[in-house]
Amino acid sequence: MAVRGKHRERGAAAVEFALVVPILLLLVLGIIEFGRAYQVQTTLSAAAREGARTMALDNDVAAARQATKDFFPGLSLTDDQIAITPATCGADEAARVTITRPYSFITGFFGTEISMTSVGSMRCGG
């Protein structure tokens with residue numbers, strides 16, 4: 001009789017494992033997706049800050065746009081994704097760089113794509 005009880009316990013463990021694995025897998029994939037999205041968002045914020053700093057110091061839209069793109073080449077930013085205001089920095093103004101870029105999820109469990117926006121701002125003249 002002792003052998004019979006062990007077989008039943010093994011079967012119960014297999015069923016419990018089969019019920020828990022999908023939940024754990026979803027949790028791990030969610031952590032991976034969130035971590036990747038957070039990393040991209042912080043990189044976008046840093047790139048926007050760099051562009052705002054360049055605009056505030058150099059008062060050159062083209063240089064600010066290029067500094068934003070060069071901050072992290074892996075982002076592959078386009079000119080359409082980078083908005084710089086104002087066109088010329090004056091006294092008592094703030095240079096503002098806004099980056100809007102699509103973000104694609106790896107797994108597709110949480111949707112296919114979202115739009116990420118980051119803003120960097122710095123007072124003109126440093």
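Colleague: What makes E1 and strand E2 (residues 94-104) a pair, and how do they run?

Modeller: Two strands pair if DSSP finds at least two bridges between them; 4 bridges join E1 to E2, and the strands run antiparallel. Within this pairing, Ala83 stands opposite Thr98 in E2. Strands (E, at least two residues) and helices (H or I, at least four) are DSSP runs, numbered from the N terminus. This is a predicted model, in which local features need pLDDT of at least 70 and side-chain atom pairs count only at pLDDT 80 or more, while totals for chains, interfaces and linings use all residues. Residues are numbered from 1 along each chain as its sequence is written, and side-chain values use heavy atoms, with hydrogens and water left out.

Colleague: Where in the protein chain is confidence highest, and where is it lowest?

Modeller: pLDDT is the predictor's confidence in each residue, from 0 to 100. Its mean is highest in E1, at 96, and lowest in helix H1 (residues 2-58), at 87.

Colleague: What makes the link between Cys89 and Cys124 a disulfide?

Modeller: A disulfide is a pair of cysteine sulfur atoms within 2.5 Å, and the S to S distance here is 2.1 Å. Cys89 lies in the loop between E1 and E2, and Cys124 in the segment after strand E3 (113-123), 35 residues apart.

Colleague: Why is this disulfide called left-handed?

Modeller: The torsion about the S-S bond is about -55°, so the disulfide is left-handed.

Colleague: Why is Cys89 called buried?

Modeller: Buried means under 20% relative accessible area, exposed over 50%, and partly exposed in between (1.4 Å probe, protein chains only). Cys89 has 15% relative accessibility and therefore counts as buried. Cys124, at 12%, is buried.
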